[in-house]
Amino acid sequence: MAILKNESGEDRHQHIYGGIAPDGSTMFGEGFRCNKIREGTYIIEFERPFATLPAPVCTIHGPEWRTFNMSVAIVEVNPSYFICVTSSPDRPVDTGFTFIVFGDI
């Protein structure tokens, strides 16, 4: 997690990053909590909410033989959290993923 200053020297911009295991546990990162809601569906809650909608970016993480046909979709964004779904071509599936989310605080 990083808090960046604007040109006036005020803490105004937050970056949070992390890695999430298929079971919803945190592999690395800080400034957030993750809960697996149901198969392939995860909520990332921020310890310090953003002032407006942040910009999350996610990517699948894991061995190539298990993840080559997997995807991750961000289905909801809020200043306090985002929800993403990892899936195979036909259904939600638990899969590891990494993310970064940034925005103003």
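Some ground rules first. This is a predicted model, so local features need pLDDT of at least 70 and side-chain atom pairs count only at pLDDT 80 or more, while totals for chains, interfaces and linings use all residues. Residues are numbered from 1 along each chain as its sequence is written, and side-chain values use heavy atoms, with hydrogens and water left out.

Let's begin with the sheet. It is open and built from four strands in the order β4-β5-β8-β7, with antiparallel pairing. The edges belong to β4 (32-38) and β7 (71-78); each has a single partner strand, so one side of each has no neighbour in the sheet. On average, neighbouring strands here are turned by 20° against each other, direction ignored. Strands here are DSSP runs of E with at least two residues, numbered from the N terminus, and two of them pair if DSSP finds at least two bridges between them. The angles come from axes, lines fitted to C-alpha atoms, and run from 0 to 180 degrees between N-to-C directions. As background, strands of a sheet pair through backbone hydrogen bonds.

Now look at β5 (residues 41-46) and β8 (residues 81-87): they run antiparallel and are joined by five bridges. Tyr-42 stands opposite Cys-84 in β8.

Strand β8 also holds Ser-87. With a relative accessible area of 16%, Ser-87 is buried (buried is under 20%, exposed over 50%, partly exposed in between, with a 1.4 Å probe and protein chains only). Setting aside neighbours within four places in sequence, Ser-87 is in contact with Asn-69, Met-70, Ser-71, Pro-92 and Val-93, where contact means heavy atoms within 4.5 Å.

Pro-54 sits in the loop between β5 and β6 (55-60), and at 8% relative accessible area Pro-54 is buried. Residues up to four places away in sequence aside, its contacts include Phe-46, Val-77, Pro-79 and Phe-102. The C-alpha atoms of Pro-54 and Ile-16 are 10 Å apart, although 38 residues separate them along the chain.

So what about the cysteines? A search of the whole structure turns up zero disulfides, a disulfide being a pair of cysteine sulfur atoms within 2.5 Å. For Cys-34, the closest cysteine sulfur is in Cys-84 at 7.2 Å, which is too far for a bond. Cys-84 is in no disulfide either, and its nearest cysteine sulfur, that of Cys-58, is 4.5 Å away. Cys-34 is buried at 12% relative accessible area, and Cys-84 counts as buried at 0%.
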